[in-house]
Amino acid sequence: MAAASDLSRYQSYKREWWKEQVVYQIYPRSFRDANGDGIGDIQGIISELDYLDRLGVDIVWLSPHFDSPNADNGYDIRDYRKVMAEFGTMEDFDQMLAGLKQRGIKLIIDLVVNHSSDEHEWFQQSMSSKDNPYRNYYIWRPGVDGGPPNNWPSFFGGSAWQQAGPDGEYYLHYFHRKQPDLNWENPKLREEVYSLMRFWLDKGVDGFRMDVIPLISKDQDFPDMDAETLRHPETVYASGPRLHEFLNEMNRKVLSRYDVMTVGEAFGVSPARALRMTDERRQEIDLAFLFDIVRIGRDNWYQRDWTLPQLKGLFTMPSALDSHHWPTIFLSNHDNPRPVSKFGDDSPAYRMASARLLAMLLLTQKGTPFLYQGDEIGMTNYPFTAFDQFDDVEIKGNYQQVMDSGVSAVEYLAELNKNSRDHARTPMQWSSAPLGGFTTGDSSWLAVNPNYKTVNVEASLKNPDSIFNFYRQLLDIRRGNLDLIYGEYYDIAPEHEQIFAYTRTGRNRTYLVVLNMSGDEVHFATGHDFNNYQLVITNQKVSRSQIATGELALKPWEARLYQSD
Ligand code: TEU
Ligand code: CA
């Protein structure tokens with residue numbers, strides 16, 4: 001049979017639902033509070049299912065909803081089979097899942113199995129004695145010369161080793177000391193993980209986002225790091241020798257038995273390793289989040305300048321992958337600043353235009369798009385003025401270390417105002433009511449951005465030109481549009497300092513995207529004859545006469561999508 005009539009393929013790509021759909025990430029603590037205690041919850045999500053449906057997203061990724069003492073907002077799990085009491089009950093979860101399914105929306109949940117909480121029963125047992133059957137669920141080593149076993153650092157400050165229990169040994173924790181790393185060398189531990197995965201899959205969830213998954217395999221020699229490596233410990237942590245073996249086993253024993261998607265947080269991993277993990281012929285995981293784009297210019301807590309040609313180069317790499325790989329596209333998540341503040345312009349003059357431009361960028365690139373809650377209404381970074389306004393364990397853990405290195409508090413605060421994880425975690429702004437309508441109570445666990453009176457869902461739904469409605473229109477254009485989804489990517493002006501312009505060429509037509517990523521009016525020669533193109537959508541009110549010569553006059557932050565006849 002001719003390839004063209006094979007419905008399971010589009011050109012060289014194997015068609016998969018998770019390549020064609022759009023994911024929306026919910027950070028439950030900050031999404032919507034239904035019972036007035038100032039903390040988002042599952043009933044809050046349930047009350048907004050129609051909102052998600054109206055937006056038109058296909059898949060929800062829910063950040064951790066499991067029982068947790070919240071040292072790291074749920075990324076420290078005490079019981080993998082229980083719902084966090086603050087978020088609700090298992091009945092609430094089941095009701096949410098059913099409500100999503102009713103609306104044709106899939107659900108993927110967070111799989112956090114590089115570490116658990118120190119309050120997990122396994123760890124309590126493990127710590128109790130060297131002879132406990134759970135001892136090897138975690139990674140214990142004797143100290144060296146009265147100190148920790150090696151010089152490995154924790155991402156959240158200090159040593160990655162903590163002494164505990166009656167035997168004086170140290171356990172490993174790459175993150176907070178309340179997040180002990182699980183010992184994947186132990187086959188029993190691996191079976192526990194597979195079993196908890198089946199528990200949720202059997203409930204009907206459609207897959208997993210896998211937290212720091214490249215970190216699960218550890219170099220069993222635990223060699224000291226040199227000074228240079230100490231600046232980027234994740235490169236060592238993500239180089240463990242058995243990663244691919246473990247992922248393959250997980251796939252064989254669990255994932256391959258369900259129709260699900262998996263996306264691994266490829267933190268620290270080399271591009272080659274990320275490619276191996278997601279090569280469809282190897283049967284490990286489907287997708288990976290690479291951090292180059294979202295963290296462009298980042299050097300630890302410091303945000304350096306970057307240029308548009310550099311950013312465009314980062315988009316070219318994933319699109320150039322062979323057809324056995326499929327990229328993800330994301331501009332933010334719960335660990336990163338707001339995209340309109342980082343990649344756009346969040347000043348009143350350009351917030352709306354630049355946020356709509358970023359919507360077009362996210363939804364017309366090649367790869368599965370991940371949209372983070374609040375970005376669809378153009379939520380911005382929070383204007384932090386003091387350290388006690390932060391909640392993040394990363395800042396609390398690193399503060400003293402940064403101060404001791406001779407940096408001033410003013411400078412650190414200025415950098416955190418660009419890149420703190422808390423920018424993404426302020427409560428979702430639903431209306432102009434007090435606290436942005438996030439809660440019916442009189443406080444919220446993290447402050448609401450003071451701009452909630454203008455930046456909120458209620459206002460966005462009413463305004464036909466809102467960022468929300470632009471997302472909605474683009475999602476409609478993208479849905480089922482195989483040319484736009486699978487079409488070949490070509491950057492037509494990689495060196496241009498202000499314009500990001502590219503084509504997506506499918507079987508039936510070519511799309512042309514032109515984005516003015518600057519606050520200037522720019523004249524741009526596209527090299528395309530617009531006689532054969534129609535304007536599909538723009539983020540500005542423009543007349544079509546401007547396109548006659550193949551040269552476009554673009555307003556500040558203007559975004560246009562064209563299609564060939
Ligand atoms: O994040 C890991 C990660 O990439 C970073 O946010 C990391 O915490 C930081 O940059 C180190 O400097 C995942 C989760 O997304 C994050 O929320 C958790 O805190 C972390 O793992 C631990 O589970
Ligand atoms: Ca609540």
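1. The count of aromatic pairs in this structure comes to 47, where rings of Phe, Tyr and Trp (its six-membered ring) pair if their centres lie within 6.5 Å, and planes under 30 degrees apart count as stacked, over 60 as edge-to-face and the rest as tilted. One of them joins Y51 and W430, whose ring centres are 5.0 Å apart with planes at 75 degrees, so the pair is edge-to-face. Y51 belongs to helix α4 (residues 49-55) and W430 to the loop between α16 (409-419) and α17 (457-462), 379 residues apart, with helices being DSSP runs (H or I, at least four residues) and strands likewise (E, at least two), numbered from the N terminus. Both Y51 and W430 are buried, that is, under 20% relative accessible area, whereas exposed means over 50% and partly exposed in between (1.4 Å probe, protein chains only).

2. This is a predicted model, in which local features need pLDDT of at least 70, side-chain atom pairs count only at pLDDT 80 or more, and totals for chains, interfaces and linings use all residues. Residues are numbered from 1 along each chain as its sequence is written, chains are lettered from A and ligands numbered from 1 in the order in which they are written, and side-chain values use heavy atoms, with hydrogens and water left out.

3. The calcium ion (ligand 2) is coordinated at 2.2 to 2.3 Å by D33 (OD), N35 (OD1), D37 (OD), I39 (O) and D41 (OD), donors being N, O and S atoms within 2.8 Å of the metal (3.2 Å for Na, K and Ca); water is not among the atoms, so sites may look incomplete.
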